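Please look over the chain below.

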Amino acid sequence: MRRATIAVAGILAAVAVGCAPAGDGGREHSGDIPLPGQEWALGDGKVTAAEYRTAVHRFVSCVRDAGYPVGAPVRSPADGLTLIYDIQPSGDPTTYNEAVQTCNLAHLSMVEPAFVEAHTQVMARPLRAAVSACVRRQGVHVTTRERNLADFAASAASTEGERKVVDCVTGQWRHVYPELPSVVPLRF
């Protein structure tokens, strides 16, 4: 199955630039070199949970130092691995996007996918049930064995079905977890 990062909001699009598949420690090809600010975590070809938390902390601190409020990171129920947070944009959009992108490239863009994609993603049970019901209403056949986005996408068995799955995850997210950040990175 392909690896993809689907960002649900324009803000995350600026944050996600620079992400590479993580099967080899976040590098697409063995000759790729990690960004200097992330080499400390990627140098050995794997990212530990502690390294990932440190990278997120550095990213959040960098964005805050640039003058933008950032909520406390919480674990995403969409995969049980990704740390998610709200960033409050203000002022000039170009300045904001440049600040977030600079922090992302300095601290997180390669570390996060290397960590998340190296572990088994498991969607939280309440979201899984809501997504399952939603995709069934959309006419997509699913089993009771889906545990993550990749499982739902495999059951959907088509690009159109995958789109319906993603729409259901993002739509149900707001209903099941209204208190959590609205930007949800999805990988499958």
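Q: Which hand does the disulfide of C134 and C168 have?
A: In this predicted model, where local features need pLDDT of at least 70, side-chain atom pairs count only at pLDDT 80 or more, and totals for chains, interfaces and linings use all residues, the sulfur atoms of C134 and C168 are 2.1 Å apart, and a disulfide is a pair of cysteine sulfur atoms within 2.5 Å. Residues are numbered from 1 along each chain as its sequence is written, and side-chain values use heavy atoms, with hydrogens and water left out. The torsion about the S-S bond of C134 and C168 is about -75°, so this disulfide is left-handed.

Q: Is C134 buried or exposed?
A: Buried means under 20% relative accessible area, exposed over 50%, and partly exposed in between (1.4 Å probe, protein chains only). The relative accessible area of C134 is 8%, so C134 is buried.

Q: How many residues apart in sequence are the parts tied together by C62 and C103?
A: A disulfide joins C62 to C103, with an S to S distance of 2.1 Å. C62 lies in helix α3 (residues 49-65) and C103 in helix α4 (residues 93-107); helices are DSSP runs (H or I, at least four residues), numbered from the N terminus. The pair therefore ties together parts whose separation in sequence is 41 residues.

Q: Which residue has a positive phi although it is not a glycine?
A: The residue is in the loop between α7 (149-156) and α8 (159-176). With a positive phi of about 60°, the residue is A157.

Technical notes
Helices (H or I, at least four residues) and strands (E, at least two) are DSSP runs, numbered from the N terminus.
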